[in-house]
Amino acid sequence: MFGKILIANRGEIAVRIIRACRNMGIQSVAVYSREDAGSMHVQMADQRVCIGEGSAKNSYLNMERIITAAKNVGADAIHPGFGFLSENSGFVRRCQENGIVFIGPEADVIDKMGNKSQARKTMMDAGVPVVPGTREPVYDAQTGLRLAAEIGYPVMIKASSGGGGKGMRVARNEDEFEFQFNMAQRESANAFGDDTMYMERYVENPRHVEIQIMADQYGNVAALGERDCSVQRNHQKLIEESPSPAVSGEMRERMNRYAVMAAKTVNYTNAGTIEFIVDPSGEFYFMEMNTRIQVEHGVTEMVTGTDLIIEQIRVAMGEPLSFSQEDIAIRGHAIECRINAEIPEKNFMPSPGRVAHLHLPAGNGVRVDTGLYTGYQIPSEYDSMIAKVIVHAPDRMAAIRKMRTALNEMIVSGVETNLDFQYQIMHHPVFVEGRADTGFIEQFMHIREEH
């Protein structure tokens, strides 16, 4: 049993993990930057340690300061949340060297699945369907040009170390290939310090569907159904729901089976997500694996009745999964809207500042994960997501109505948010009819730019 867990993160996910620790009788330690001194996760934790100021690289990405803080307070384990160091294999190794348990998969597994081109190759070998494309890494435009002719245009050029939409470019023909390849490679080198690329056939406006898996140290792997994350902008998800309106029972069974196969192939442990794209014909292909808890994990918790953070901690303590595949049943429908402090009319420009007034929605089947409170100063240094509104209802239409009510009820004044934008989506016929694909925002949600 862990006596104390340090949370190497901030905001709503840090609050979420602290609550899980409390429910298990485990002490929590918050790390924070000076800008986050007034944050809710700092106030809620049993102990708190300041680890720097300014941008994340001086604080939440500073491995040595986090490890030192964990040793100084006597933490048994570190929970990385999502983002920051959650998929950094070097950090996992630093934890191990210092006798601290990392609540997540092994470093070697993160290396294998974190490198997107290597993950593709691993899945090909395992028999998991992947989008037609390159098997080996691509380092230069000339090689890429030759391979693109074999794959067939349009092709998607992707960074092997990529994430968050960085280092991704589409080349629609031979004429623009070299420019797009060089741009993607430059973005990758700048963002990840790695210019290794891979390529795959570009599937126009697919659905983005992912399977949540949980695995223990004894070879038990369970798939907890799918989440549809198709509503996104610049490859950043805005709305997630479970189950997916595009997935049939038979398709779900196959996706779950492939997700479990993928996890077992790499001896995966802890929480992870296998991401698929679904083309208009209903064929699905492995895209990537996220070796951490996801922002949208609450949607799965609502429809399966599980607590994935508690399960993560239990697995890291060496306990077997508390449920088997047979125990997992999808009940009802859940939707999550990400609430960001941003101005949709100004190209989603971030809107940091002081929260003058806050009212959060509540009621049966409504959950809000947030670190907000009246008077809180939203810093400009970090991600603009300030809350996640999650609803659960017996069916999809009931969940949409409940989300409309929740968004209508939520008040955040003092800063601009995307609340109205999300409310509009909940009324858009394409979304309501369950037809939204990854091109939905660009195609239908026309934002009137302010000049």
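These legends go with close-up views of a predicted model.

**View 1. A three-stranded open sheet.** Here 3 strands line up in the order β7-β6-β8, and their pairing is antiparallel. Look at the two ends of that row: β7 (168-171) and β8 (197-201) are the edge strands, and each has a single partner, so one side of each is left without a neighbour in the sheet. Going from one strand to the next, the twist averages 25°.

**View 2. Where β6 meets β8.** Strand β6 covers residues 155-159 and runs antiparallel to β8, with 5 bridges joining the two. To get your bearings, find Lys158, which sits opposite Tyr198 in β8.

**View 3. Two helices packed on the sheet.** Helix α7 (residues 141-151) packs on the sheet and touches β6 and β8. The direction of α7 makes about 20° with that of β8. Helix α8 (residues 174-192) packs on the sheet too, touching β6, β7 and β8. Its direction makes about 175° with that of β7.

View 4. A disulfide is a covalent bond between the sulfur atoms of two cysteines. Searching the whole structure turns up 0 of them.

View 5. Cys337 is in no disulfide either, and its nearest cysteine sulfur, the one in Cys229, is 12 Å away. Is Cys337 buried or exposed? With a relative accessible area of 0%, Cys337 is buried.

Conventions
Residues are numbered from 1 along each chain as its sequence is written. This is a predicted model: local features need pLDDT of at least 70, side-chain atom pairs count only at pLDDT 80 or more; totals for chains, interfaces and linings use all residues. Side-chain values use heavy atoms; hydrogens and water are left out. Two strands pair if DSSP finds at least two bridges between them. Helices (H or I, at least four residues) and strands (E, at least two) are DSSP runs, numbered from the N terminus. Axes are lines fitted to C-alpha atoms, for helices over the stretch in contact, and angles run from 0 to 180 degrees between N-to-C directions. Contact means heavy atoms within 4.5 Å. A disulfide is a pair of cysteine sulfur atoms within 2.5 Å. Buried means under 20% relative accessible area, exposed over 50%, partly exposed in between (1.4 Å probe, protein chains only).
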